[in-house]
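Here is a short note for a colleague new to this entry. Please look over the sequence and the model before reading the points.

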Amino acid sequence: MDNPIRGAVFSRFSSISAFAKAIGWKQNKASRIVNGVQKPSVKDMEQMSQCFGITDAATFVSIFFPSLSTM
């Protein structure tokens with residue numbers, strides 16, 4: 001199954017460790033979210049959106065709610 005969060009992370013960072021450091025999370029939390037073991041909370045999605053530089057709703061939906069996305 002496609003994981004758009006993982007794709008967004010690895011399009012911007014060389015590793016989950018680098019992503020965790022950039023966003024200010026512990027590596028185990030970042031790993032669980034990136035690998036789909038844990039769903040991100042609303043606060044997590046907000047932090048990731050800022051970290052990824054997401055500025056439009058369509059991109060946000062395509063990453064965090066891919067089953068709702070029509071892109």
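1. What radius of gyration would a compact globule with 71 residues have, and what does the chain have? A compact globule would have one near 11 Å, and the chain has 11 Å, so the two agree. The radius is taken over C-alpha atoms, and the globule rule is 2.2 Å times the number of residues to the power 0.38. Along its principal axes the C-alpha trace spans about 30 × 25 × 20 Å.

2. This is a predicted model: local features need pLDDT of at least 70, side-chain atom pairs count only at pLDDT 80 or more, and totals for chains, interfaces and linings use all residues. Residues are numbered from 1 along each chain as its sequence is written, and side-chain values use heavy atoms, with hydrogens and water left out.

3. The chain has 5 helices and 0 strands. From the N terminus on, the order is α-α-α-α-α. Helices (H or I, at least four residues) and strands (E, at least two) are DSSP runs, numbered from the N terminus.

4. H1 and H5 pack at an angle of about 115°, their axes 7 Å apart. Axes are lines fitted to C-alpha atoms, for helices over the stretch in contact, and angles run from 0 to 180 degrees between N-to-C directions. Pro-4, Ile-5 and Ala-8 of H1 make the contact with Ser-62, Ile-63 and Phe-64 of H5 (heavy atoms within 4.5 Å). By class there are 5 nonpolar, 1 polar and no charged residues. Ala, Val, Leu, Ile, Met, Phe, Trp, Tyr, Cys and Pro count as nonpolar, Asp, Glu, Lys and Arg as charged, and the others, Gly among them, as polar.

5. The axes of H2 (residues 16–23) and H3 (residues 27–34) come within 9 Å and cross at roughly 115°. On the H2 side, Ile-16, Ser-17, Phe-19 and Ala-20 meet Gln-27, Ala-30, Ser-31 and Val-34 of H3. This contact of H2 with H3 divides into 5 nonpolar, 3 polar and no charged residues.
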